[in-house]
Amino acid sequence: MATTSADSMMAPDNAMSRGPSASTRTSENGDGPRTLEEACQRLLSRTDEMPADEVDRKADGDKRAEVARKREAWRSLVLSVGRRYEACRLETFEVGNEEQRAILASLRAYADNVDRHVKAGDNIVLFGPPGTGKDHLAIGVAYVAIGRGFSVAWFDGQSLYQEFRDNIGGDRPERDIIARATRPDILLLSDPVPPRGELTDYQATILWRVVDRRYRDMRPMWITLNVASGQEASARLGAGIVDRLRDGATYGWCGWGSYRKPGSERDR
Ligand SMILES: Nc1ncnc2c1ncn2[C@@H]1O[C@H](COP(=O)(O)OP(=O)(O)OP(=O)(O)O)[C@@H](O)[C@H]1O
Ligand SMILES: [Mg+2]
């Protein structure tokens with residue numbers, strides 16, 4: 001095997017810091033490695049020689065840093081979606097009918113295999129009337145994905161389009177704004193269709209660029225849509241976009257009543 005500089009970059013810091021003295025020592029006592037490859041193998045295996053508590057401390061430190069990173073990723077998602085959604089988990093979604101049970105089960109299946117689904121670029125599309133918990137469910141899956149180390153960006157359709165509009169004539173290259181929606185492992189997009197009326201040509205173009213880019217790169221999109229049917233989704237988003245979103249997706253019609261209630265009803 002040819003030894004490259006990339007091999008030595010993989011060596012743990014503590015092993016590398018001992019590198020020069022190790023090679024000096026081998027030349028002194030004649031017990032040194034005969035090839036560069038053997039020398040690298042010896043360096044890489046040095047963590048085995050670390051006292052157990054030193055290894056444990058390093059592992060603890062790495063784990064704490066990883067937990068802190070994930071916590072920060074979740075905090076930043078909640079900041080963009082809104083505090084109302086902080087407690088959204090698949091486990092906190094109340095089930096009152098068979099349709100809810102079926103959608104929850106399909107999202108659980110996705111969440112249980114989130115590594116495979118994200119790597120395969122599998123989308124989630126939830127559509128239906130207002131207040132049915134579409135965002136709650138999508139954010140519940142996002143919580144699991146962040147726990148597995150994936151990056152999740154959230155946009156609602158209107159703020160995505162507004163960001164582009166505000167930049168017209170500005171100095172930010174458009175590709176930088178697009179990148180915010182195309183680079184993260186997962187894009188969670190709430191309501192890309194406007195509450196009333198059609199997408200403008202400009203909005204449709206932006207959406208097309210984001211959806212098509214992510215589709216090509218096999219990066220999943222999790223979309224919640226406030227529409228009454230698949231036909232309405234096609235009519236309002238455009239058939240090409242819906243076709244890409246639907247390809248291999250976990251696809252769910254949330255047709256039950258709104259969870260939102262006046263305070264007097266909720267207290268009953
Ligand atoms: N089955 C449920 N169990 C617990 N909470 C729910 C349920 N359904 C909805 N909610 C809560 O109701 C609120 C509204 O839900 P959410 O925003 O997810 O609905 P939506 O379908 O995305 O609505 P819209 O189409 O209007 O955007 C949220 O606070 C959510 O946590
Ligand atoms: Mg919503």
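**Figure 1. His-136 in helix 8 of the predicted model.** In this predicted model, His-136 has its place in helix 8. The residue counts as buried, because 21 other C-beta atoms lie within 10 Å, where 20 or more are required for that class. Apart from residues up to four places away in sequence, His-136 touches Tyr-85, Cys-88 and Phe-93. Arg-89, which is 47 residues from His-136 in sequence, lies 7.1 Å from it in space, C-alpha to C-alpha.

**Figure 2. The largest nonpolar core and the surroundings of Ala-138.** The largest nonpolar core is made up of 47 residues, and those with the most contacts inside it are Ala-138, Val-141, Ala-142 and Leu-188. Helix 8, which spans residues 134–147, gives the most to this core, contributing 8 residues. When neighbours within four places in sequence are left aside, Ala-138 is in contact with Ile-124, Leu-126, Leu-188, Trp-222 and Thr-224. As a setting for this view, the protein has 14 helices and 5 strands, and buried residues account for 26% of its 268 residues. Among the contacts between residues at least 6 apart in sequence, 81% join residues that are at least 24 apart.

**Figure 3. The shell of residues around ligand 1.** Ligand 1 is surrounded by 17 residues, of which the closest are Pro-130, Gly-133, Lys-134, Asp-135 and Tyr-259. Helix 8 supplies the largest share of this shell, with 3 residues. Divided by class, the shell around ligand 1 comprises 4 nonpolar, 7 polar and 6 charged residues.

**Figure 4. The packing of helix 12 with helix 13.** Two packed helices are described by the angle between their axes and by the distance between the axes. Helix 12 (residues 230–237) packs with helix 13 (residues 239–246) at an angle of about 125 degrees, and their axes are 6 Å apart. On the side of helix 12 the contact is made by Ala-233, Ser-234 and Leu-237, and on the side of helix 13 by Ala-239, Ile-241 and Val-242. The residues of this contact divide into 5 nonpolar and 1 polar, with no charged residue.

**Figure 5. Asn-113 in the loop between helix 6 and helix 7.** Asn-113 has its place in the loop that lies between helix 6 (98–112) and helix 7 (114–120). With 12 other C-beta atoms within 10 Å, Asn-113 is exposed, because that class takes in residues with 12 or fewer. Asn-113 and Ala-145, which are 32 residues apart in sequence, are 9.7 Å apart in space, C-alpha to C-alpha.

Figure 6. Although Asp-191 is not a glycine, it has a positive phi of about 50 degrees. Asp-191 is found in the loop between strand 3 (186–190) and helix 11 (201–217), and it is partly exposed, with 18 other C-beta atoms within 10 Å. Met-218, also a residue other than glycine, has a positive phi near 55 degrees. The place of Met-218 is in the loop between helix 11 and strand 4 (221–225), and with 12 C-beta neighbours inside 10 Å the residue counts as exposed.

Key:
Residues are numbered from 1 along each chain as its sequence is written. Chains are lettered from A and ligands numbered from 1 in the order in which they are written. This is a predicted model: local features need pLDDT of at least 70, side-chain atom pairs count only at pLDDT 80 or more; totals for chains, interfaces and linings use all residues. Helices (H or I, at least four residues) and strands (E, at least two) are DSSP runs, numbered from the N terminus. Two residues are in contact if their C-beta atoms, placed from the backbone, lie within 7 Å. A nonpolar core is a set of buried Ala, Val, Leu, Ile, Met, Phe, Trp, Tyr and Cys residues joined through C-beta atoms within 7 Å. A residue is near a molecule or strand if its C-beta atom, placed from the backbone, lies within 6 Å of it. Ala, Val, Leu, Ile, Met, Phe, Trp, Tyr, Cys and Pro count as nonpolar, Asp, Glu, Lys and Arg as charged, and the others, Gly among them, as polar. Axes are lines fitted to C-alpha atoms, for helices over the stretch in contact, and angles run from 0 to 180 degrees between N-to-C directions.
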